[in-house]
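This briefing accompanies the structure shown below. The points are grouped by topic.

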Amino acid sequence: MADLVIIGGGIMGLWAAYHAEKAGIDTLLIDRAAPGGGTSNGLLGALMAYMPDQWDEKKQFQFEALVALEQQIRVLEAETGIATGYRRAGRIMPLYNDRQVKTARLREDAAAQNWRIGERRFDWTVIETPPLPGWPGKDENALAYVHETLAAHVFPRGVVAALTAFLRSARHVRIMQASVAGIDVMARRIRLSDGQGVGFGKVIVSAGVEAFSLLQPLWAPEGQPLGRPVKGQAALLQADCDPALPIMFDNGLYVIAHEGGRVAVGSTSEDEFDDAFATDDRLETLIAAARVAIPALQDAPVIERWAGLRPRGVHREPMIGAIEGVPDVVALGGGFKTSFAIAGRLAAHAIALVSDNTPALQELPAIYNPGIYLQRANRKTK
Ligand SMILES: Cc1cc2nc3c(=O)[nH]c(=O)nc-3n(C[C@H](O)[C@H](O)[C@H](O)COP(=O)(O)OP(=O)(O)OC[C@H]3O[C@@H](n4cnc5c(N)ncnc54)[C@H](O)[C@@H]3O)c2cc1C
């Protein structure tokens, strides 16, 4: 029995356990493997904002989360002595046609207006040539480039290692290795695959792609999936590139220089796949494109190829909140491509929802509400 059970120790569940420890909540974190071994065990770690125009509450929330993460990570690093590779290095994006350049120029003003908080301001600038030679290299087809200073990156395994180390010396959080088969809300028990059970006061479901199938029987009509896995592949190359270099983002291709002479290249986005964790020629195509774009990667050896499953909800947004009609169960998932940017803040909200003592935080964007998920799922099956 635990006052709080957290199912799944990926980036979402680990941050939830971190905040639970700080709030002094008796917590059991259950993961079928070692925490952090799921999709959060990846290589990229891009922390990028939405476009600065057409501003709304979702963009504002994510912007504030991105800014706040910097300090949150510094605290975590100081608490654990583990470096996460966090850098607010910015982002560079080539533009290939007049329409893209025109739109990008309009966004300069939008960023000046929306990417500001207190004294801090972040720029979105259209420039003729990349700020640093070779990152990316000269491309005759590129008319201009966006250089923005809000984006940051982190080495995913660094964050996961730091959070796990923090929890190893926690006083209120225990970690249990077990596979969860289901949640029995009436009996207030988590059913484990080995037939055993664990009692709970409250439960946070942060099981990545499996959060959808664990929550579905509690709450959504049969046959209505709440989300699906989207496979992604990435690679790590060995090259002596400065981690202060901006993320290079070009039409789905990410190149991110991490500490220690490692450069991450990603990512595919696959709705259909046979083997979730195999890598194939789709990744080789991306690696080849990265070698063309960044001269320093031309002969860089590949030191790891990796694939994982992103949790994508029926819409692209995270799913976070209490579930109507299902007492004491909180969803924390659906982070899809942006979990690392917002997990710390979303998890703080999840803990505020399950705790009587934690002060309520600012409202979450309505679109994150699990009820909206259900409405969308309903609409899709009609
Ligand atoms: C190639 C690729 C590149 C990406 N790049 C980025 C990026 O640059 N920036 C970014 O923010 N995001 C990125 N993502 C997405 C990001 O990795 C995910 O959104 C994030 O890791 C999801 O975290 P999670 O905690 O929800 O799930 P996970 O990390 O998958 O954690 C879920 C945990 O639950 C456990 N679990 C599942 N089912 C059960 C069960 N029944 N019982 C017990 N335990 C269970 C699993 O073992 C796992 O540890 C990328 C993903 C991929 C694949």
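I294 touches G134, W135, P136, M248 and V255, not counting residues up to four places away in sequence; contact here means heavy atoms within 4.5 Å. The structure is a predicted model, in which local features need pLDDT of at least 70, side-chain atom pairs count only at pLDDT 80 or more, and totals for chains, interfaces and linings use all residues. Residues are numbered from 1 along each chain as its sequence is written, and side-chain values use heavy atoms, with hydrogens and water left out.

- I294 is found in the loop between helix 6 (281-293) and strand 18 (302-313); helices (H or I, at least four residues) and strands (E, at least two) are DSSP runs, numbered from the N terminus.
- With a relative accessible area of 0%, I294 is buried; the classes are buried under 20% relative accessible area, exposed over 50% and partly exposed in between, for a 1.4 Å probe and protein chains only.
- Although I294 and W135 are 159 residues apart along the chain, their C-alpha atoms are separated by 5.8 Å.
- W135 is joined to P136 by a cis peptide bond, with omega about 0°.
- P136 itself lies in the loop between strand 7 (124-127) and strand 8 (144-148).
- A cis peptide bond also runs from G266 to S267, with omega near -20°.
- S267 is placed in the loop between strand 17 (262-266) and helix 6.

**T268**

- T268 is found in the loop between strand 17 and helix 6.
- The relative accessible area of T268 is 7%, so this residue is buried.
- Beyond residues up to four places away in sequence, T268 touches K231, G232, Q233, R282, L283, L286 and R310.
- A polar atom of the T268 side chain lies 2.9 Å from the backbone nitrogen of Q233. Such a polar contact is a pair of N or O atoms within 3.5 Å; within protein, one must be able to donate a hydrogen and the other to accept it, and residues adjacent in sequence count only if both atoms are side-chain atoms.

- I247 lies in strand 15 (residues 247-250) and is buried, with a relative accessible area of 0%.
- Apart from neighbours within four places in sequence, I247 is in contact with A46, L47, M48, G90, R91, I92, A151, A152, H153, Y254, V255 and I256.
- N251 is located in the loop between strand 15 and strand 16 (253-258).
- N251, a residue other than glycine, has a positive phi near 50°.
- At 76% relative accessibility, N251 counts as exposed.

- Q54 is found in the loop between strand 3 (46-47) and helix 2.
- The phi value of Q54 is near 45°, which is positive in a residue other than glycine.
- Q54 counts as exposed, at 68% relative accessibility.
- N114 belongs to helix 3 (residues 98-114) and is buried, with a relative accessible area of 15%.
- Leaving aside neighbours within four places in sequence, N114 is in contact with P52, W55 and F63.

**Packing of helix 2 with helix 7**

- Two packed helices are described by the angle between their axes and the distance between the axes.
- Helix 2 (residues 57-80) packs against helix 7 (residues 339-354) at an angle of about 90°, and their axes are 8 Å apart. Helix 2 is therefore roughly perpendicular to helix 7.
- Axes are lines fitted to C-alpha atoms, for helices over the stretch in contact, and angles run from 0 to 180 degrees between N-to-C directions. Angles under 35 degrees count as roughly parallel, over 145 as roughly antiparallel, 65 to 115 as roughly perpendicular and the rest as oblique.
- From helix 2, F61, Q62, E64, A65, L66, A68, L69 and Q72 meet F340, A341, I342, G344, R345, L346 and H349 of helix 7.
- By class, this contact of helix 2 with helix 7 has 9 nonpolar, 4 polar and 2 charged residues. Ala, Val, Leu, Ile, Met, Phe, Trp, Tyr, Cys and Pro count as nonpolar, Asp, Glu, Lys and Arg as charged, and the others, Gly among them, as polar.

**Ligand surroundings**

- The ligand is surrounded by 33 residues, of which the closest are D31, S40, A46, F336 and S339; a residue is near a molecule if one of its heavy atoms lies within 4 Å of it.
- A polar side-chain atom of S339 lies 2.6 Å from an oxygen atom of the ligand.
- For I11, a backbone N or O atom lies 3.1 Å from an oxygen atom of the ligand.
- For G10, a backbone N or O atom lies 3.5 Å from an oxygen atom of the ligand.
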